[in-house]
Amino acid sequence: MLSASQVEAFRTQGYLVVPEAVDAATLQAVHDEYSDALRRLYDDWHAAGLVADPPDGLSFFEMLDHVRAAGLEWFQPLDISLPHADITEDTPFHFGPAVFGLLTHPNVLDVAESLLGGELTSNPIQHVRIKPPQNEVPEGELRAHITTTDWHQDRGVGHEEADDTDILTVWIAITDATVENGCLQVIPNPPAQMYPHCPKTQTAIADPFIEQDRAVPIEVKAGSLVLIDPLTPHCAGPNTSDGYRWSFDIRFNVSGQPTGRSHFPDFVARSRVAPDTELHDWRAWKKQWEEARYAAAHSKHIPQHRWQSDSPHCA
Ligand SMILES: O=C(O)CCC(=O)C(=O)O
Ligand SMILES: [Fe+2]
């Protein structure tokens, strides 16, 4: 649980770093699960002659180096979500026990409970971000899971129906995050309302509203959490290191409130009132996403964001 002074700091500054929240064993399990997932892809690509080097003995990051060099689409099969468009029955994604264990880690849920109370829904707006050195990111790669992240407020990336939802972003460092490798930056003491956003590289706060001179870089060690209020402007700069910057961002909302992405599945992560409604089975979680994928593949496209480039703020 957070202390009263941590809660107070979050409420005024709109963000909070919680160091050492996720233990080394959990981080290792995620790392191993991702290595296995990438190795399965790699084996197939190698068998098809798309990557030359045999997978034997390659680490997760070494395999990634090779598949990137070969120009293969490695990101979506590793994400814990569906893409914003062109979803088919076969769109790949990653749902496994280790990453479920991370999302429902008791320390993560305790922190969320400290801010939102004991009825917690795991919100479907969630991603892995694995950012290679920026000078190796292909031209035209716009996804904020791989390249830089524009200034935005998380309220702006959900549907309007969730504008009054009590929601918390929990950003989890899997590798150390530094200014050099493109850690989060925030603008503390958020405004009471949402700024206009525009389509830029991604969905971004309209330029005149970005107070760049107040930006604070959030350098954290692996296993730390960065809690972000839905109105706190944040971004991430380029990864100028020669290694990968790896994080997950997940969200919780008070159960029963709109998630802002109702065509993707949510689940009760903690309930003090009705503990038997909590989901503890990662396979059930995976199945929910498979069903959402099937439904999305067979229905009209639902835009993830509401912002239009012809709005007056976006000239
Ligand atoms: O890690 C990043 O690049 C951005 C993360 C973010 O926007 C979020 O967690 O809401
Ligand atoms: Fe965000």
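This is a predicted model: local features need pLDDT of at least 70, side-chain atom pairs count only at pLDDT 80 or more; totals for chains, interfaces and linings use all residues.
Figure 1. Ligand 1 is surrounded by 13 residues, and the closest are Lys131, Thr149, Asp154, Arg245 and Arg251. Sorted by class, this shell comprises 6 charged, 4 polar and 3 nonpolar residues.

**Figure 2. Polar side-chain atoms at the oxygen atoms of ligand 1.** For Thr149, a polar side-chain atom lies 2.6 Å from an oxygen atom of ligand 1. For Arg245, the corresponding distance from a polar side-chain atom to an oxygen atom of the ligand is 2.8 Å. For His152, an N or O atom of the side chain is 3.0 Å from an oxygen atom of ligand 1. Taken alone, ligand 1 exposes 290 Å², and the protein buries 100% of that area.

**Figure 3. Secondary-structure elements that contribute to the shell of ligand 1.** Two or more residues of the shell around the ligand come from each of strand E2 (119-131), strand E3 (149-152), strand E4 (167-173), strand E10 (234-236) and strand E11 (245-254). Strand E11 gives the largest share, with 3 residues.

**Figure 4. The largest pocket and its lining.** The volume of the largest pocket is about 860 Å³. Its lining is made up of 40 residues, and those nearest the pocket centre are His84, His145, Gln202, Gln304 and His305. Strands E2, E3, E4, E10 and E11 each provide at least two residues of this lining. The lining divides by class into 16 nonpolar, 13 polar and 11 charged residues.

**Figure 5. The largest cavity.** Of the 14 residues that line the largest cavity, Asp154, Arg155, Gly158, Ala162 and Ile167 are the closest to its centre. The cavity lining consists of 5 charged, 5 polar and 4 nonpolar residues.

Notes
Residues are numbered from 1 along each chain as its sequence is written. Chains are lettered from A and ligands numbered from 1 in the order in which they are written. Side-chain values use heavy atoms; hydrogens and water are left out. A residue is near a molecule or strand if one of its heavy atoms lies within 4 Å of it. A polar contact is a pair of N or O atoms within 3.5 Å; within protein, one must be able to donate a hydrogen and the other to accept it, and residues adjacent in sequence count only if both atoms are side-chain atoms. Accessible areas come from the Shrake-Rupley method with a 1.4 Å probe; for residues, only the protein chains shown count as cover. Helices (H or I, at least four residues) and strands (E, at least two) are DSSP runs, numbered from the N terminus. Ala, Val, Leu, Ile, Met, Phe, Trp, Tyr, Cys and Pro count as nonpolar, Asp, Glu, Lys and Arg as charged, and the others, Gly among them, as polar. On a 1 Å grid over the protein atoms alone, a cavity is a set of points where a 1.4 Å probe fits but cannot get out, and a pocket is an open set with protein on both sides within 12 Å along at least five of seven lines; lining residues have an atom within 4 Å of a point. Grid points are joined across faces, edges and corners, and a volume is the space filled by probe spheres set on the points.
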